[in-house]
Every structure is written in structure tokens, then in C-alpha cells.
Amino acid sequence: MGFRDRVGSNVEHGRELTEAVVRLSDVNGGRRVAVVAHSMGGLAVHMSLRDPAVRDRVSAVAFLATPHRGTWAAYLGWGGGAREMRPGSAFLRELQATPWPEGLPTIDLWTAWETHIIPGRSTRRDGVRAVRIPATLHFTLPYSRRAFDEVVRFLEEVGA
């Protein structure tokens with residue numbers, strides 16, 4: 001899915017994602033949904049999962065190059081999303097203070113050739129399985145066959 005305002009606030013993106021997850025789950029007879037998110041979209045996933053109605057409908061999450069701890073590159077961006085991605089922002093502090101849903105299978109995919117998330121280690125979180133996808137850039141990660149295979153393998157392993 002895409003967001004109405006690509007550079008908008010992750011709070012609004014989280015609302016849009018919440019609507020999409022609930023709708024998709026309902027259309028599929030209440031089945032849980034696996035979520036794969038790239039870059040700033042992963043922050044919308046964090047926002048969305050704060051809603052109990054969404055937590056109960058998500059089976060697993062795969063993050064591709066998500067700036068979990070922010071990125072210095074956000075100082076060159078525009079819109080609410082860029083302001084929220086600045087390291088140490090109130091938005092990121094609030095997300096980090098919110099416990100991750102217990103038992104929700106999660107994986108972080110990252111690339112050593114990160115061009116947008118600075119520092120690159122911001123794409124990885126403590127205690128979360130992380131997989132490096134070689135020879136891939138930030139914006140090509142979602143199109144990488146290796147990344148696709150890793151996500152499929154992860155979803156199969158966790159039964160999502």
C-alpha cells in the first residue's frame with residue numbers, strides 16, 4: 001500500500017495502515033495479516049501496532065531498512081515524516097517507550113550500503129533477528145530477490 005501523503009506524519013500513516021490491516025483481515029474472514037514495511041513505512045507499523053485491534057490481527061512483521069532509531073538524513077528531508085525521523089525526536093522517543101507486542105515475530109533486513117539511514121545501525125534493534133542483504137541500496141532493497149527470499153523464509157518459519 002502507499003500513503004496519501006508520502007512525506008506526511010507517521011502518526012497519520014499509522015492510521016492509514018490500521019485501516020488497511022483491519023479491512024484486509026475482515027475481508028479474509030478475520031485471518032491475521034503479515035506486514036512487510038520499507039523505510040519510513042516501518043515507523044507507521046510501530047504506530048499502528050499501538051492499537052490493540054491491530055495487534056490482534058498481525059501475525060508477523062518484516063522491516064526493510066526502517067530507521068527505528070532515526071536517521072541524520074532526515075534533516076535534509078521535508079514534511080512531518082522527516083521531522084519525526086530525526087534522531088532523538090519526541091516521536092521516536094515515544095515509539096521506543098512503547099513495548100513491542102510480546103510474541104510478535106519480527107525481522108529486520110538491512111544493507112551495509114545504506115544510503116538513507118545514517119547511521120546504518122539504526123535499521124537494527126536489540127533482540128530482533130537481523131539479516132544483512134548484500135550488494136543492495138536503500139531504495140533497491142524492496143526489489144532485491146535475496147530480500148524477498150529472506151522475507152518468505154521468515155514468514156514460513158513463523159507460520160504467518
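This is a predicted model: local features need pLDDT of at least 70, side-chain atom pairs count only at pLDDT 80 or more; totals for chains, interfaces and linings use all residues.
Local features are reported at pLDDT of at least 70 and side-chain atom pairs at pLDDT 80 or more, while totals for chains, interfaces and linings use all residues. Residues are numbered from 1 along each chain as its sequence is written, and side-chain values use heavy atoms, with hydrogens and water left out.

H2 is mostly covered, 8 of its 8 residues being buried; buried means under 20% relative accessible area, exposed over 50%, and partly exposed in between, with a 1.4 Å probe and protein chains only. The buried residues are Gly 41, Gly 42, Leu 43, Ala 44, Val 45, His 46, Met 47 and Ser 48. What covers these residues? The cover includes helix H1, strand E1 (33-38), helix H3 (52-55), strand E2 (58-64) and helix H5 (90-97). Two of these elements, H1 and H5, are taken up next.

Two packed helices are described by the angle between their axes and the distance between the axes. The axes are lines fitted to C-alpha atoms, for helices over the stretch in contact, and the angles run from 0 to 180 degrees between N-to-C directions. H1 (residues 10-27) packs on H2 at an angle of about 70°, and the two axes are 7 Å apart. That angle makes H1 roughly perpendicular to H2; angles of 65 to 115 degrees count as roughly perpendicular, those under 35 as roughly parallel, those over 145 as roughly antiparallel and the rest as oblique. The crossing of H1 and H2 is right-handed. A crossing is right-handed if the near helix is turned clockwise from the far one by less than a right angle, and left-handed if anticlockwise.

From H1, the residues Asn 10, Val 11, His 13, Gly 14, Leu 17 and Thr 18 meet Leu 43, Ala 44, Val 45, Met 47 and Ser 48 of H2, where contact means heavy atoms within 4.5 Å. This contact of H1 with H2 comprises 6 nonpolar, 5 polar and no charged residues. In that division, Ala, Val, Leu, Ile, Met, Phe, Trp, Tyr, Cys and Pro are nonpolar, Asp, Glu, Lys and Arg are charged, and the others, Gly among them, are polar.

H2 and H5 pack at an angle of about 50°, with their axes 10 Å apart. These two helices are therefore oblique to each other, and their crossing is left-handed. Leu 43, His 46 and Met 47 of H2 make the contact with Phe 91, Leu 92 and Leu 95 of H5. By class, the contact of H2 with H5 has 5 nonpolar, 1 polar and no charged residues.

Is Asp 108 buried or exposed? Asp 108 counts as buried because its relative accessibility is 0%. Its side chain makes a polar contact with the side chain of His 68 at 3.2 Å; such a contact is a pair of N or O atoms within 3.5 Å, and within protein one must be able to donate a hydrogen and the other to accept it, residues adjacent in sequence counting only if both atoms are side-chain atoms. Beyond four places in sequence, the contacts of Asp 108 include Phe 63, His 68 and Arg 125.

Arg 125 itself lies in the loop between E3 and E4 and counts as buried at 15% relative accessibility.

Two alanines have a backbone feature to note. Ala 65, in the loop between E2 and H4, has a positive phi of about 55° although it is not a glycine. Ala 135, in the loop between E4 and helix H6 (145-158), likewise has a positive phi of about 55°. Ala 65 is buried, with a relative accessible area of 0%, whereas Ala 135 is exposed, with a relative accessible area of 60%.

Key. Helices (H or I, at least four residues) and strands (E, at least two) are DSSP runs, numbered from the N terminus.
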